[in-house]
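Opening the notebook on this one.

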Amino acid sequence: MLTSLQNPLIKQIRKLHSTKERHKQQLFLLEGTHLLEEACAVNYPLVTVCCTQQWQTTHSRLWQEVCQKSDRAEVVSEEVMAAIATTVQPDGVVATAKKNVSQTQPPFTGLVLALETIQDPGNLGTIIRTAAAAGANGLWLSEDSVDLDNPKVLRATAGQWFRLPMAVSLDLKATVQEAKQARMQIIATLPSATLTYWEVDWCQPSLILLGNEGAGLSAELAAMADKSVKIPLSSGVESLNVAIAAALMLYEAQRQKRE
């Protein structure tokens, strides 16, 4: 059992709390039983798994599986677990995994999201979870957004992180142009739009543009849209949360396709 916070492995894992270190080590954190189960379900390669003795006892079958699928598995003390986890009350297991492994690039077909400068990890994680639930084909994220593998993003996806095709776009305008060339309709979400979101034919291949939580969509991206849509709001309400806006359009698209 590892009990020292000065252990080289423990020090390395603790560094992964930082975005800079996750990029440097090309690793990210998986925290909690559910995320670990989802990673195993899709055979995502694990590097290290650390768990408490209690977790090992109560999850013996999963422990055996992760021992086979990871490069290294260690039992650690409760104090060490508290130090390597980013959550206040960890459930007893933390793993590390390699970045950018087997992630499928989103196709330019069906229903796809393009997110510009999303900053809140909870918002991004919720959008990923909702997009997977609504049957979207994938998600593009601008390079200046929160990291896809931020621990809070992963937790907010409730495991759907492993199932939705996602990619970071180094140039979101170029990505939108590719979608245009693939004959996708480009739909911008703007409060000044005249169309409401249910007046669009979502049965066509569509790329939905969603902007930053505070500033919204940039003028450059908005200008590339074929159509702009709004979500009606009651008087005195300025805007909706970006994850809620995404959910409304994703499920309107699903409703139209079912009908």
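This is a predicted model: local features need pLDDT of at least 70, side-chain atom pairs count only at pLDDT 80 or more; totals for chains, interfaces and linings use all residues.

Entry 1: I began with strand S6 (residues 138-142) and S7, which pair in the parallel sense over four bridges. Leu-139 is the residue that stands opposite Met-166 in S7. For my own record, strands (E, at least two residues) and helices (H or I, at least four) are DSSP runs, numbered from the N terminus. Two strands count as paired if DSSP finds at least two bridges between them.

**Entry 2: ground rules.** Residues are numbered from 1 along each chain as its sequence is written, and side-chain values use heavy atoms, with hydrogens and water left out.

**Entry 3: the whole seven-strand sheet.** Next I looked up the strand order. The sheet is open, has parallel pairing and reads S7-S6-S5-S10-S8-S11-S9. Strand S7 (166-169) and strand S9 (195-196) stand at the edges with a single partner strand each, so one side of each has no neighbour in the sheet.

**Entry 4: S10 and its neighbours.** Which strands flank S10 in the order? They are S5 and S8. Strand S5 (residues 111-115) runs parallel to S10, joined by five bridges, and Leu-115 stands opposite Leu-210 in S10. On strand S8 (residues 185-189) I found four bridges to S10, again parallel, with Ile-186 opposite Leu-207.

Then I checked burial, where buried means under 20% relative accessible area, exposed over 50%, and partly exposed in between (1.4 Å probe, protein chains only). Strand S10 (residues 206-210) has five of its five residues buried. Both of its faces are covered, with Ser-206, Ile-208 and Leu-210 on one side and Leu-207 and Leu-209 on the other.

**Entry 5: the four-strand sheet.** I moved to the open sheet ordered S1-S4-S2-S3, where the pairing is mixed. S1 and strand S3 (70-75) are the edge strands, each pairing on one side only. Neighbouring strands here are turned by 15° against each other on average, direction ignored; the axes behind that angle are lines fitted to C-alpha atoms (for helices, over the stretch in contact), and angles run from 0 to 180 degrees between N-to-C directions.

S1 and strand S4 (residues 93-98) pair antiparallel over five bridges, and Lys-98 in S4 is the bridge partner of Leu-27. Strand S2 (residues 46-51) is also joined to S4 by five bridges in the antiparallel sense, with Cys-51 partnered by Val-93.

**Entry 6: cores.** I count as a nonpolar core a set of buried Ala, Val, Leu, Ile, Met, Phe, Trp, Tyr and Cys residues joined through side-chain atoms within 4.5 Å. The largest has 53 residues, and Leu-30 and Trp-161 touch the most other members. H11 gives the most to this core, with seven residues. Another core, of 18 residues, lies apart from it and includes Ala-179, Leu-209, Ala-222 and Ala-225.

Entry 7: Leu-233, Val-237, Leu-240, Ile-244 and Leu-248 make a nonpolar surface patch of about 370 Å². Patch residues have over 30% relative accessible area and no salt bridge; like charges are joined within 9 Å, nonpolar side chains (Val, Leu, Ile, Met, Phe, Trp, Tyr) within 5 Å. A salt bridge here is a side-chain nitrogen of Lys or Arg within 4 Å of a carboxyl oxygen of Asp or Glu. Areas come from the Shrake-Rupley method with a 1.4 Å probe, and for residues only the protein chains shown count as cover.

Val-237 sits in the loop between strand S11 (227-230) and helix H11 (242-258). Its relative accessibility is 43%, so Val-237 counts as partly exposed.

Entry 8: Most residues other than glycine have a negative phi. Asn-43 lies in the loop between helix H3 (33-41) and S2 and is exposed at 55% relative accessibility. Thr-117 also has a positive phi, about 55°, in the loop between S5 and helix H7 (121-133).
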